[in-house]
Amino acid sequence: MSNLSVKGLTTGYDKVNVLHDVSIEVAPGKITCILGANGAGKSTLIRSILGLTPPRQGEILWNGRNLAGEKTHAIIASGISCIPEGRKVFPRMSVAENLALGAFLVTNSAVVRERLARVYEIFPRLKERAAQLAGTMSGGEQAMVSIGRGLMAEPQLLVIDEPSLGLSPLYVKENFNVIRRINALGITVLLVEQNARQTLAISHYGYVLSQGRVMAEGTAEELASNDDVRAAYFG
Amino acid sequence: MSAIMETEMHAASMGSSTATSLVSARDLTMRFGGLTALDQLNLHIVEGEVLGLLGPNGSGKTTFFNVLTGLYKASSGSIIYQGREVIGQTPQEIYRSGVARTFQRSRLSLPLTVFDNIVIGDYQHMQHGLFFNLFRRKAFRAEYDAYVAKVEALLHIFSPPLVARMFEPVETFSMIDRRRIEVCRALLSEPRLLLLDEPSAGMTHDETEALMDDILQVRNKLSNLTVVLIEHEMNVIKRITDRCIVFNYGKKIAEGTYAEITADPNVQTAYLGEDE
Amino acid sequence: MIQTERAMSVIGQYVFNGLMLGMIYAMVAVGFTLFFGVLDVIKFSHGDTLMVGAFAGLTASTGVLMLDIGSPWIRLLAVVLAAVCVTGLLGAAIAKWLVLPLHKAPPLNTLLATLMLGTVMREAVRLFYPDGSNSQPFPSLLPTDAIEFGGFALRADNVILLLSGLAIIAGVHFLITRTRLGMAIRAVAQDGETARLMGINFEAVVLLTFALGSGMAALAGVMNGLYYNEINFNVGLLLGVIGFAAAILGGLGNIYGAIIGGFLFAGLQVLGSATLPALIPNIPSAYKDVFAFAVVIILMAWKPTGLIAEKSSERV
Amino acid sequence: KDVVKIAFVGPLTGGTSSIGLGGRNSADLAVRLRNADPKAKYTYELVSQDDECRPNVGVQVATKIAADKNIIAGVTHFCSAVAMGTVAVYNRFGLPVVVWGAVLPEITYGNNFKEVHRVNGTMINQSEVAAKFMADQGYKKFAIIHDTTDYGKGHNKYFSEFLKKNGATVLGTFGVTADQQDFSTELTKIRELKPDVVYFGGLTPLGVRIRTQMEKLGIKAQFEGTSGIKSDAYIQGVGEKLAEGSLAFLEGAPWEKIPGGLFFTAQYQKQKYSEPPEAYGTFSYAAANLIMDAVEKVGPDRKKVRDVLNNTKNVDTLIGKVTFDDHRQNIVPLVTKYVVEDGKWAIWEDSSYASGKRKLAGK
Amino acid sequence: MSDIKLNKKSAALVLTLATLGITVYMWLFLHAESQLAVGVLIIVALGLTLLGKKLGTVQRIEEAAASRPGLARAWSLLAALALVAAFYDSHFVLLMIGGVLLYATACMGLTVQFGFSGVSNFAGAAFFGIGSYTTAVLATHTGLPTLVTIAISGIVAAVIGSILIWPVLRTRGHYAALVTIAFGILFKTFLEVNDVLGGPQGLQVPGMTLFGHAFNDNFTLFGVEFSFYVNYVLLSLLLFVCVFVLVKALERSWVGLSMDVVRTDETAASTFGLHIVRWKVIAFTLGNLFAGVAGSIYGMMVGFVAPNNFTFADSLLLLSITILGGLGNVIGLIPAAIIVLMLPEKLQFIQEYRVLLYAALVIAILLFRPDGLLPRKTRLFFSRRAAQ
Ligand SMILES: Nc1ncnc2c1ncn2[C@@H]1O[C@H](COP(=O)(O)OP(=O)(O)OP(=O)(O)O)[C@@H](O)[C@H]1O
Ligand SMILES: Nc1ncnc2c1ncn2[C@@H]1O[C@H](COP(=O)(O)OP(=O)(O)OP(=O)(O)O)[C@@H](O)[C@H]1O
Ligand SMILES: CC(C)C[C@H](N)C(=O)O
Ligand SMILES: [Mg+2]
Ligand SMILES: [Mg+2]
């Protein structure tokens with residue numbers, strides 16, 4: 001089974017490093033979450049894994065292959081897909097086209113259609129609005145597009161950065177259910193979320209980042225009972 | 001004339017007999033092509049309250065803000081603010097009558113500094129004359145210094161570390177800081193009506209709490225500030241709102257205190273999810 | 001009777017002239033539209049790419065002739081292939097070494113770079129093509145049979161050019177809207193980083209788009225050469241500006257807009273030079289450009305985002 | 001030997017650069033030949049400058065060479081607009097110049113600057129001969145296309161005037177921009193007017209396009225150009241077949257007829273310049289020689305050179321005898337008529353057209 | 001406390017050295033005639049820029065200038081005057097310097113338009129030309145005092161510009177670009193086909209006289225004869241300095257702030273009450289006014305105007321200077337104008353290849369400095385140390 005391990009990762013923007021010697025393991029078939037205050041470097045870690053902010057030091061081993069230095073599209077092609085922070089829909093394309101782009105690397109159109117049907121099932125609103133330009137959708141609707149698009153790839157590893165931002169409580173719940181269901185299909189998940197309680201409820205293992213360093217790690221239960229973590233992230 | 005009386009009566013009939021309504025929308029409809037984002041919406045906002053605006057994604061909350069601030073022109077219906085019809089006024093005019101807002105998707109001028117972004121919030125009180133700006137540099141300096149002090153004070157409430165970085169471009173700040181900056185920009189002109197569109201999105205629990213405390217703190221200073229808050233985080237709604245209105249498909253489906261609306265079965269199915 | 005027939009044939013001729021001209025403008029405009037997508041910048045070297053394409057074609061034609069192959073069809077094939085390949089490669093090279101390195105700079109800086117690049121191409125052809133500072137005859141490789149309608153001759157070569165222009169534009173349209181590559185191009189245009197996250201090879205798509213757009217320009221250049229039977233190192237300059245005007249006039253990011261813009265501009269010019277002298281005696285027909293550009297300004301004031309308004313995808 | 005600098009200015013880049021480069025090469029040739037001549041008292045150095053055919057750049061380089069005291073005289077400008085802008089500069093700094101290609105009458109007649117001479121004729125001379133010639137051939141109805149530069153506009157003005165004097169009529173006049181590509185609208189109209197002659201006042205690139213497009217539209221009228229199209233590039237551009245029978249007029253004697261003419265072409269070829277001399281190369285060559293002759297005579301002194309040039313009378317040059325009038329304008333006794341015959345510009349009188357073997361269009 | 005003092009001292013030293021270096025370089029550059037000298041100087045400049053980028057010298061100098069703005073201005077002015085003095089009788093060099101100053105002034109107009117408020121203007125040369133032409137007409141046909149003529153020329157450019165305001169305001173981005181491109185081409189073609197203003201031949205512009213001082217005459221001071229171009233260069237310098245101070249003040253005021261906000265986000269600007277139309281109109285008009293005034297003096301200095309000076313290509317030239325300098329940064333305009341205007345002139349020795357080489361060089365510069373020579377800095381209304 002597929003396995004991602006980040007070892008001694010250091011990287012950042014311009015002259016400053018944001019992450020310092022970060023190591024994490026994403027166990028195959030499991031949901032691993034990363035918690036941390038804003039600016040802790042969670043998104044940077046994800047960008048680094050995806051090759052958008054390439055590592056300056058350290059390795060990112062994916063099925064034994066070092067992803068450090070590879071181009072993003074090659075990383076994606078190796079079976080990783082992503083729901084990026086801030087939705088990032090293609091504003092001048094329709095919802096349907098956005099979703100289709102999620103399965104860009106899948107050439108079999110029957111498969112694409114099948115997955116599209118599944119996404120529409122999860123988010124009926126997207127089916128209603130298949131022809132609307134994604135840029136004109138409401139904030140939460142765009143989040144749905146982004147999540148749906150990420151699901152279209154059906155990768156080995158799905159990397160998710162704050163998916164429930166701007167979603168209504170109903171959909172936040174739905175969203176966590178979806179992640180659990182996806183995981184049940186055998187897809188490994190790396191999840192970044194602010195909603196610590198619900199995140200830990202579905203995760204198997206978690207890391208807490210603080211100022212670019214791993215501050216704590218453990219199983220979901222361990223973290224949930226960690227006092228520091230509770231104080232910082234639970235209400 | 002009669003419009004005002006009607007709204008007053010409307011407000012009275014809703015139970016808050018002593019309060020006057022600052023904004024009242026009547027039969028407000030906004031269509032985008034075939035899509036009806038606001039559908040015959042009726043609501044009123046009471047002077048001085050903190051009102052929570054809730055509703056499923058795409059139910060028209062942001063659109064309501066956009067219509068109220070003049071960015072979109074409603075297809076039909078009316079909004080009376082302080083006795084004047086809002087629809088048809090330019091965003092500039094509406095701003096000058098004391099309405100300030102933040103955006104769901106942050107809209108700051110990224111290459112400009114924090115100070116620049118915030119100070120523009122008080123555009124209406126700045127001196128715009130070319131002569132003043134270009135030739136009366138001493139007087140300008142005095143006005144500038146006053147603004148620096150004002151912005152510093154405001155930033156100090158929301159995030160003291162930002163004060164030291166006041167002259168750095170906004171693009172180097174994290175999303176959350178940008179949100180805070182946006183809130184400061186909206187507050188600088190001491191508006192009567194403050195519209196906040198999901199200000200806490202992406203913040204951790206602690207951060208959200210701090211932000212809300214700060215907003216309340218400012219509100220207490222400005223005696224008659226009315227706040228309308230769009231928010232999906234129910235803890236926030238519970239803590240700071242006096243009253244809530246719930247939208248669905250562009251219509252108002254519920255109204256009342258936090259306790260009242262969360263108990264409403266309609267709201268539960270449409271918005272919160274059944275098992276709450 | 002005869003009078004009206006003659007008038008009809010003159011009008012027919014005008015219309016036909018306008019159509020040919022419009023087709024060439026439209027081809028250039030479509031190329032521009034393609035680049036706006038990826039670059040979001042005015043690529044000022046587009047007209048000069050066209051010129052380079054035409055010269056590449058000309059060289060191929062001479063080369064084939066030297067090999068003693070007389071068949072016009074083979075020569076035509078060589079011309080088209082050479083033009084498209086040379087400019088395609090050139091386009092990709094430009095993308096790789098000029099546009100991508102400047103990707104993060106403000107769009108206006110890319111504009112300046114492409115502007116200078118256009119100058120480099122123009123001057124290079126002038127200096128290094130044999131006798132490049134003079135007009136070169138472009139061979140007529142198409143059959144010239146004509147059908148006469150009164151005084152108005154419909155020539156086979158013109159009809160072929162018109163139809164192939166249409167076919168090329170239709171082809172590009174199909175490519176952009178219906179194929180995976182087209183989707184990738186549009187995705188890259190709207191958000192390069194997210195496009196990468198979809199597994200799209202950003203760099204490859206940019207290079208390909210440039211190759212494609214430059215190839216389009218080359219085809220327009222060859223058509224231009226075949227139609228006028230003359231090319232020179234300066235043709236790109238004005239054609240570029242007009243193509244740009246047409247693309248904008250029609251409404252950016254929209255192939256139909258580019259086509260409409262192209263034909264409209266040609267129509268304005270023809271109308272200007274055909275009617276202005278009739279209205280105002282002794283007016284130089286050069287006023288047609290004053291006229292055409294004045295109408296452009298008025299049209300822009302009337303329809304600020306082009307005749308086919310850009311679909312707004314912005315919201316607050 | 002002392003080194004004497006003389007300047008050449010012309011368009012070396014941009015649209016009219018081919019003529020500019022031809023002129024530069026010819027002036028260069030004149031200098032080289034002179035330097036090779038053991039009898040010469042000085043060694044000459046040509047400082048050539050590019051005016052881009054743009055007036056402001058022209059004024060800049062004019063100031064540059066005129067302010068440089070080491071430069072004794074200049075062979076300057078092909079473009080009238082540039083020459084108009086610079087004559088005052090030469091006058092102010094006292095640099096004697098000989099204009100080698102700009103044809104606008106005002107350059108010499110519009111001012112009274114003692115420094116400014118011109119070896120080529122003005123467009124008046126050319127138009128007069130051209131109009132008379134065409135009338136003599138029996139052509140009555142003309143359509144005129146001209147570019148809207150001063151060259152084209154001037155030619156239109158004078159040619160039309162002379163045509164009227166010769167009793168011919170102008171059916172229509174079309175002013176076009178100098179970078180226009182498509183002439184089908186103008187030509188469609190011309191086709192309706194059914195003229196005997198299409199007269200074109202402008203330069204080769206436009207001439208080529210117009211001649212080619214005339215054919216496309218099936219206009220069979222005689223094509224007549226000005227000095228602007230008398231270049232091999234014209235014939236090459238339109239192709240031998242189409243070019244056949246095109247007419248052009250050029251001031252000065254045909255170099256083929258002048259003793260030095262063959263020598264000039266032979267030497268020119270020897271130097272392996274990458275561009276042909278074009279129509280005005282001979283003028284540039286002649287101007288350079290006039291200047292060097294003057295320097296030889298009175299030494300490298302601007303004032304003296306100017307005076308010598310002022311008094312040029314009946315001097316033999318590559319373009320025939322040169323005599324400057326009181327405005328230092330060469331009173332060209334001769335405008336040569338050319339016709340394209342078998343892919344070459346042939347002198348009219350020697351052509352099979354004059355002998356009646358071939359006929360111009362419509363005859 | 002002493003730290004700041006020390007810093008101030010070192011800043012002054014850096015500035016002095018930089019000014020000296022640049023002045024000497026410019027002196028050499030202006031003197032250079034031969035192939036070898038120009039080639040070496042260009043290579044030295046490229047090398048220094050590369051080195052400067054590596055070592056952060058450019059940044060050091062900029063910081064020093066920011067901390068001692070007064071000194072920086074005084075030194076630059078002094079350097080300019082020193083160069084003028086050094087070339088007091090070299091007509092050609094002076095003409096070039098004058099050209100650089102006037103083009104840079106016009107480009108400040110474009111900076112206000114493109115750089116501050118985001119209004120496109122691809123017809124800069126047309127407005128420059130309107131200034132020149134107005135001056136030509138007024139100076140020939142009226143007896144107006146020269147200063148009045150210059151002022152009117154600027155105003156005419158601004159007023160004609162306002163015809164375009166309606167379409168320019170309604171459109172944005174590329175669409176506005178088209179409107180101005182169309183105007184630029186229309187303007188030049190119109191001048192050319194129409195004989196009223198001299199047609200393609202253009203017009204002679206009489207030189208100016210100011211308080212009885214004829215600008216077109218050489219003058220003698222302390223027994224030394226100065227080139228008459230010194231008149232124009234000094235006047236251009238004065239104009240440049242005035243406009244510079246004005247644009248700087250504009251940038252560091254609510255006006256500049258408002259324009260920046262309008263440029264970066266019109267929607268947000270409108271919800272905070274900004275008069276979008278007003279700022280755009282002011283930017284467009286002010287920019288054209290600067291271009292017109294610069295064009296007016298340029299016309300008199302060159303003594304001749306013709307349509308061919310004001311083509312679309314010339315508009316692009318102005319724009320090139322504006323962008324190459326670093327959009328929005330007025331200081332960058334001077335080096336950029338030197339590169340765009342003087343370099344081709346210095347390359348005359350390679351004759352017909354010079355335009356090619358020059359264009360290639362500009363591309364190279366852009367590849368090394370993608371944001372222009374001196375990218376615009378984050379605005380500070382007053383230098384930061386003073387603000388705290
Ligand atoms: N493009 C960038 N350029 C420069 N600095 C950046 C950039 N993006 C992020 N940073 C900085 O890097 C640090 C970590 O940011 P990151 O986005 O990884 O945090 P995060 O943990 O995802 O926070 P959030 O909860 O806000 O999403 C922050 O200090 C931020 O300011
Ligand atoms: N400019 C527009 N063009 C087309 N449709 C629009 C536009 N703006 C909004 N809509 C549609 O109107 C509906 C209401 O949108 P609005 O942004 O008001 O939702 P919202 O209640 O703010 O939702 P969220 O909580 O997700 O932000 C949505 O379905 C959206 O797709
Ligand atoms: C048309 C011009 C470019 C050249 C011509 N010789 C003239 O006198 O102006
Ligand atoms: Mg993040
Ligand atoms: Mg919303």
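**Exercise 1: chain C against chain E**

Four residue pairs between chain C and chain E, both members at pLDDT 80 or more, are in polar contact; a polar contact is a pair of N or O atoms within 3.5 Å, where within protein one must be able to donate a hydrogen and the other to accept it, and residues adjacent in sequence count only if both atoms are side-chain atoms. The model is predicted: local features need pLDDT of at least 70, side-chain atom pairs count only at pLDDT 80 or more, and totals for chains, interfaces and linings use all residues. Residues are numbered from 1 along each chain as its sequence is written, chains are lettered from A and ligands numbered from 1 in the order in which they are written, and side-chain values use heavy atoms, with hydrogens and water left out.

Task: describe the side of chain C that touches chain E by element and by residue class.

Step 1. The elements giving two or more residues to this side are α3 (72-99), α4 (107-128), α9 (235-250) and α11 (287-302) of chain C. Helices (H or I, at least four residues) are DSSP runs, numbered from the N terminus.

Step 2. α4(C) gives the most, with 15 residues.

Step 3. By class, the side of chain C divides into 40 nonpolar, five polar and five charged residues. Here Ala, Val, Leu, Ile, Met, Phe, Trp, Tyr, Cys and Pro count as nonpolar, Asp, Glu, Lys and Arg as charged, and the others, Gly among them, as polar.

Step 4. In contact (heavy atoms within 4.5 Å) are 50 residues of chain C and 43 residues of chain E. Chain C and chain E bury about 3,900 Å² between them, 81% of it on carbon and sulfur atoms; buried area is the accessible area (1.4 Å probe) that two parts lose on being put together, summed over both.

**Exercise 2: chain E against chain D**

Task: how many salt bridges and polar contacts are there between chain E and chain D?

Step 1. The two chains meet through 33 residues of chain E and 32 residues of chain D, and bury about 2,800 Å², with 51% on carbon and sulfur atoms. On the chain E side, Gln201(E), Gln351(E) and Glu352(E) lose the most area to chain D, together 20% of what that side buries.

Step 2. There are two salt bridges between chain E and chain D. Asp314(E) pairs with Arg54(D) in a salt bridge whose closest N and O atoms are 2.9 Å apart.

**Exercise 3: inside chain E**

Task: characterise the contact of domain 1 and domain 2 of chain E.

Step 1. An automatic or database assignment divides chain E into domain 1 (1-78) and domain 2 (87-350). Their C-alpha centres lie 27 Å apart.

Step 2. The contact takes 12 residues from domain 1 and 13 residues from domain 2. The buried area is about 1,200 Å², of which carbon and sulfur atoms give 78%. In domain 1, Phe29(E), Leu30(E) and Arg73(E) lose the most area to domain 2, together 45% of what that side buries.

Step 3. Zero salt bridges are found between these domains, while three residue pairs, both at pLDDT 80 or more, are in polar contact.

How values were computed:
A salt bridge is a side-chain nitrogen of Lys or Arg within 4 Å of a carboxyl oxygen of Asp or Glu.
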